[in-house]
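Subject: Structure handover

Hi,

Here is the structure I promised to pass on to you. Have a look at it first, and then read on for what turned up.

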Amino acid sequence: MCGIVAYIGKKQAYPIILKGLKRLEYRGYDSAGIALLNNNKVNIYKKQGKVSNLEEYANTLDTSGNIGIGHTRWATHGLPNDINSHPHFSNDGKLALIHNGIIENYDVLKKELINRGYKFVSETDTEVLVHLIDDILKNERISLAEAVRLALNEVTGAYAIVVLSQDNPDQLVAARKSSPLVVGIGSDNEFFLASDATPIVEYTKQVVYLNDEEIAVVDINEGLKIVHLSNQEKTPYIQELELHLEALEKGGFEHFMLKEIYEQPRSIHDCFRGRLNAEEGWVALGGIKDYEQKLINANRIIMVACGTSWHACQVGEYLIEDLARINVEVEYASEFRYRNPIINENDVVIAVSQSGETADTLAALELAKHKGATILGICNVVGSSISRITDAGSYTHAGPEIGVASTKAFTAQVTILTLMALKLAHKKGTISESRFHTILSDLEAIPDKVKKILESDDKIKEIAEVYKDSQNALYLGRGSSFPVALEGALKLKEISYIHAEGYPAAEMKHGPIALIDEEMPVFVIATKGNSYEKVVSNIQEVKARKGKIIAIVTEGDVQVKELADHVIEIPDTDENLVPLLATVPLQLISYHIAVMRDCNVDQPRNLAKSVTVE
Ligand code: F6R
């Protein structure tokens, strides 16, 4: 939520920052702004809306300068307009600051600063930071970095900030707490700062991920220095980026979302590569190896997550309970942390998160850690906050997910949870050898089966054409297909703005059935398995009320085909692996409907990808 990027070095800062903002736009697109230091003056350029608006505006102006900061905003405090856009600046215009996060005590600080004569121009919480730093600098003869440190000691909340100062033309000062910040180290004392590594990767692979409560000073003459808020100096830990530039491009696809849907045969394969071998009959998750026995003996496994990741956890609950017979509870991270949950040392709490930065998920983990539970993580973004605070964990290796609507991250999360369920079940002895081998072989075959589903894209597009003008939609599934129904509904509503709900198929008759008429498309996951006959009955109930049925069925199905208005066939697989296949046509349906409705598929309204506010 909100993307920040900054540059200091010998090159022109503006093109580097502008390109970086485009890469970070998935984090928010309510407004964008840049501040550049040129000829001993801070010049600020800000525009409501997308980075392209800012570009159109700034391209007509002088954008010279070798030092600058940029921001793309997801509005929290104050409307998305030019004035509330970052960078915010001091009353004398000498300091400029960008911020990702929320300053919780901004109201108190603002009143104090107003009493001391400071004028506020925006409605944001961020503006207090720049006036606070300015106030400290004016009253004490200290460095910019020390003023930032003292100011941050007065602040409660979350922040990643970068400060640029006219009086310090050779340096930028940055800091983080609960919002991510990466420092890229280029050649010749050239530095990049960003919310994630995507704006940095084409210039350098050497990065330092700042830890909470650390302040980084990047100086053209003196290099990188890191101090803790407590004033203790830290040694920078330099890491090599594994990210590749091609992963950040659309690669010929019209949208990132479509590219990411089509990447799933590869991303699922990358996720289990080296972690399973059906022929030799083993599965291993190196990252959590030392915690396998702890998981098996756990009183409960509690999974915390938000949104799509929460749906992946729901699938995980079915798998781990069914195969490994361990008690699993799935919690919305935001609810978990506020209801004084009962957690103890025998619980294992697993956070599942694509970004690894979701504020509620992070806070839930911190709470669980505080109460003595073992905390594990399943994340996609390497080096993310969740991956760093957990005792251990597994990366999903899905590659960067840029489309705001999550697709390949979901199937990768489900893959990891499947591997985990299989590993625990095998070690605990709750799965027969033959079943274990069957599921392993079926899992290895999933990437090819996803490829096959993608070949039906034209047919899926035709179905999308029929339902693109719907006002509402229902999604039904049973067992582990119920979270798939939830995920299908979320995908449709978030990118096409059609109201959609997911239900366990049998729950329909307890209320939602009242909504069904000839206008209502009902998507049903009706693949072969234990509850097939029951789902067929639910389809009959919808048909009797003239609802339109779009069914996801197993290849060769006869019974549902006769009832449904449309069927999409998916290859046969073990029942536990159906979510990995059934999700894909639902992603495609949502994608095509959104495109047909002229919606911004990659950047749906009001959303941002990495939700770093609570
Ligand atoms: C939906 C979507 C969101 C995220 C949620 C959690 O398509 O992307 O619902 O799943 O914000 O994000 P992560 O997984 O980064 O914690």
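The shell around the ligand is made up of five nonpolar, eight polar and two charged residues. Please keep in mind that this is a predicted model. Among the 15 residues around the ligand, the nearest are Ser309, Ser353, Ser355, Thr358 and Glu494.

Where do these residues come from? At least three residues of the shell are drawn from domain 2 (253–454), and at least three from domain 3 (456–607). In terms of secondary structure, helix H9 (307–324) and helix H16 (481–496) each give the shell at least two residues. As for the site itself, the ligand sits in the second largest pocket.

- Thr358: an N or O atom in its side chain is 2.4 Å from an oxygen atom of the ligand.
- Gln354: here a polar backbone atom is 2.7 Å from an oxygen atom of the ligand.
- Thr308: again a polar backbone atom, this one 3.1 Å from an oxygen atom of the ligand.

On its own, the ligand has 410 Å² of accessible area, and the protein covers 90% of that. The peptide bond between His86 and Pro87 is cis, with an omega of about -5°. Pro87 belongs to the loop that runs between strand E4 (67–73) and strand E5 (88–89). The other detail concerns Lys546, which is not a glycine and yet has a positive phi, about 70°. Lys546 is placed in the loop between helix H17 (532–544) and strand E26 (548–554).

Best wishes

Technical notes:
Residues are numbered from 1 along each chain as its sequence is written. This is a predicted model: local features need pLDDT of at least 70, side-chain atom pairs count only at pLDDT 80 or more; totals for chains, interfaces and linings use all residues. Side-chain values use heavy atoms; hydrogens and water are left out. A residue is near a molecule or strand if one of its heavy atoms lies within 4 Å of it. A polar contact is a pair of N or O atoms within 3.5 Å; within protein, one must be able to donate a hydrogen and the other to accept it, and residues adjacent in sequence count only if both atoms are side-chain atoms. Accessible areas come from the Shrake-Rupley method with a 1.4 Å probe; for residues, only the protein chains shown count as cover. On a 1 Å grid over the protein atoms alone, a cavity is a set of points where a 1.4 Å probe fits but cannot get out, and a pocket is an open set with protein on both sides within 12 Å along at least five of seven lines; lining residues have an atom within 4 Å of a point. A molecule sits in a cavity or pocket if more than half of its atoms lie within 2 Å of its grid points. Helices (H or I, at least four residues) and strands (E, at least two) are DSSP runs, numbered from the N terminus. Ala, Val, Leu, Ile, Met, Phe, Trp, Tyr, Cys and Pro count as nonpolar, Asp, Glu, Lys and Arg as charged, and the others, Gly among them, as polar. Domain bounds come from an automatic or database domain assignment.
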